[in-house]
Amino acid sequence: QVQLVESGGGLVQAERSLRLSCTASGSISSISVMGWYRQSQGKQRELVASITSGGNTNYADSVKGRFTISRDNAKNTVYLQMNSLKPEDTAVYYCYQRLRERGSVFMSDYWGQGTQVTVSS
């Protein structure tokens, strides 16, 4: 089975930076899309950033210019560099990877366990 393990969350002051990472392990053939979602207390989960296998990126308007998503295909890892953090960035951040498992015909969606990011003012 495939598992996604996240790391890098924590408590930081506003204007500081954090770098999240998410590594997929298991029997994987390919990964098409990697991304990060976040969910604040009482709010719906929202897409923060995504990156395709070709390097195409998308960002939520609220994080454009501050966050950068990248991927290391050899390590099955996606990163989220978060700069100039704001209190409104406080949320649980979930890693997402759409991948094909070895021996499978179709793609499957996997989610990380979530990592807490708290930004204090």
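Modeller: Let's start with S108, which lies in strand β10, residues 108–111; strands here are DSSP runs of E with at least two residues, numbered from the N terminus. Bear in mind that this is a predicted model, where local features need pLDDT of at least 70 and side-chain atom pairs count only at pLDDT 80 or more, while totals for chains, interfaces and linings use all residues. Residues are numbered from 1 along each chain as its sequence is written, and side-chain values use heavy atoms, with hydrogens and water left out.

Is S108 buried or exposed? Its relative accessibility is 16%, so it counts as buried (buried is under 20% relative accessible area, exposed over 50%, partly exposed in between, with a 1.4 Å probe and protein chains only). Setting aside residues up to four places away in sequence, S108 touches Q97, R98, L99 and E101, where contact means heavy atoms within 4.5 Å.

Now to the wider fold. The protein chain has 11 strands and 0 helices. Four of the strands form an open sheet in the order β1-β3-β8-β7, with antiparallel pairing; two strands pair if DSSP finds at least two bridges between them. At the edges are β1 (3–7) and β7 (67–72), each pairing on one side only. Within this sheet, β3 (residues 18–25) and β8 (residues 77–82) pair in the antiparallel sense over 6 bridges, and L20 stands opposite L80 in β8.

L80 also belongs to the largest nonpolar core, which has 29 residues; W36, V48, F67, V78, L80, M82 and Y93 touch the most other members. Such a core is a set of buried Ala, Val, Leu, Ile, Met, Phe, Trp, Tyr and Cys residues joined through side-chain atoms within 4.5 Å. Among the strands that each supply at least two residues of this core are β4 (28–39), β9 (91–101) and β11 (115–120). For V78, contacts beyond its neighbours within four places in sequence include L20, M34, W36, I51, I69, C95 and Q97. In soluble globular proteins, nonpolar side chains tend to be buried together.

Over the whole chain of 121 residues, 38% count as buried. Finally, among contacts between residues at least 6 apart in sequence, 56% join residues at least 24 apart.
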